[in-house]
Amino acid sequence: MLTKRQKDTLEFIRNYINDNGEGPLVAEIAEGLGIQSHGTTHRYINSLIESGHLKRLPLRTRGLKIVEPNDPNSLLMPVMGKIAAGRLIEAVPDESEIDLGEMFRGKGRYVLKISGESMIGKGIMPGDYVVVETGRAAKHGDMIVALVDGYDATLKTLLINEDETFTLQPANDSFEPITLEATRLSIQGVVVGQLRTYP
C-alpha cells in the first residue's frame, strides 16, 4: 500500500508525463507538491521505484516513467543482445529492455503510412510508418511532411536555399526535386522515427 504522499507523488508524475511527454525533474516534483526538501522528494521517488510503480530510464535527465502493471497495451520488449550487420561478431547477450512507446511517443507526434517510392533512397519504403513531430523546428536536411499550396502533402528532405526558397528533395532518381517560394510551403512536421513490420 502506498502512503498518501507516495500516491500524490505518483499522481503528479503521471499528470506531468501526460501533459509534457517526458518525466519531471526532482525540483519540479518538489515544487508541485509543496515539499521543501529535495531529499524527501528523492525518498518518495525511490520508494515508488522499489515498489514497482516507477522506473528510471538510464542516461535520461527526465527519465522517470510510470509502470502500469499488466498493461495490455505495453510496448516494453526485451533487448536480447547485439548482432552484426557488417563483419561477423559474436552475439553479445544483454538483459535490458526497450520501451517502444517511450521511444516514439511524445507531445505533438503522430504516425503516417507511406505510399509511394520517392524516399526509398533514405530507406523509407511503401507500407512503412513514419513518426512525425509537429512542435520541432525544421532545419536544412531534415525529412519533413510538407503541404504545398495548402493542398498537396508530401514527405521529402528539406533543403533551405540561399535565395530563401525551399527545395523538397526526393531520395529516388525517378523523381524530380521541387523548388518553391516560402509562401507556397507549409511544414506540417519533422520525421523523428520509422516503423516497419514484415509478414
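**Exercise 1. Work out whether Asp 8 is buried, partly exposed or exposed, then find its salt-bridge partner.**

Step 1: start with the cut-offs. Buried means under 20% relative accessible area, exposed means over 50%, and partly exposed is in between (1.4 Å probe, protein chains only). Asp 8 has a relative accessible area of 25%, so call it partly exposed.

A quick word on what you're looking at: this is a predicted model, where local features need pLDDT of at least 70, side-chain atom pairs count only at pLDDT 80 or more, and totals for chains, interfaces and linings use all residues. Residues are numbered from 1 along each chain as its sequence is written, and side-chain values use heavy atoms, with hydrogens and water left out.

Step 2: look for the partner. A salt bridge is a side-chain nitrogen of Lys or Arg within 4 Å of a carboxyl oxygen of Asp or Glu. Asp 8 makes one with Lys 4, and their closest N and O atoms are 3.0 Å apart.

Step 3: Helices (H or I, at least four residues) and strands (E, at least two) are DSSP runs, numbered from the N terminus. Asp 8 and Lys 4 sit 4 residues apart in helix 1 (residues 4–20), so about one helical turn separates them. Lys 4 has a relative accessible area of 62%, so it is exposed.

Step 4: widen the view. Lys 4, Arg 5 and Asp 8 are linked in a network of salt bridges. Over the whole structure, a search finds 10 salt bridges.

**Exercise 2. Find the contacts that the side chain of Glu 133 makes with Arg 136 and Arg 109.**

Step 1: locate Glu 133 in strand 8 (residues 129–133). Its relative accessible area is 14%, so Glu 133 is buried.

Step 2: take Arg 136. This residue forms a salt bridge with Glu 133, the closest N and O atoms being 3.5 Å apart. Arg 136 has a relative accessible area of 39%, so it is partly exposed.

Step 3: take Arg 109. Here you need the polar contact: a pair of N or O atoms within 3.5 Å, where, within protein, one must be able to donate a hydrogen and the other to accept it, and residues adjacent in sequence count only if both atoms are side-chain atoms. The side chains of Glu 133 and Arg 109 make such a contact at 2.9 Å.

**Exercise 3. Lys 156 has no salt bridge: what is the nearest side chain of opposite charge, and how far away is it?**

Step 1: find Lys 156 in strand 10 (residues 152–160).

Step 2: sort the charges. Lys and Arg count as positive and Asp and Glu as negative, while His and the chain ends are not counted.

Step 3: read off the distance. Lys 156 is buried, and the nearest side chain of opposite charge is Asp 152, 11 Å away.

Step 4: look for another partner. A polar contact of 2.6 Å joins the side chains of Lys 156 and Thr 154.

**Exercise 4. Which residues form the negative surface patch, and where is Glu 164 found?**

Step 1: Patches are made of residues with over 30% relative accessible area and no salt bridge, with like charges joined within 9 Å and nonpolar side chains (Val, Leu, Ile, Met, Phe, Trp, Tyr) within 5 Å.

Step 2: name the members. Glu 162, Asp 163, Glu 164 and Glu 181 form the negative patch.

Step 3: Look in the loop between strand 10 and strand 11 (166–169). Glu 164 has a relative accessible area of 63%, so it is exposed. Though not a glycine, Glu 164 has a positive phi of about 70 degrees.

Step 4: Look in the loop between strand 12 (178–180) and strand 13 (185–195). At 49% relative accessibility, Glu 181 counts as partly exposed.

Notes: Accessible areas come from the Shrake-Rupley method with a 1.4 Å probe; for residues, only the protein chains shown count as cover. The place of a charge is taken as NZ of Lys, CZ of Arg, CG of Asp or CD of Glu.
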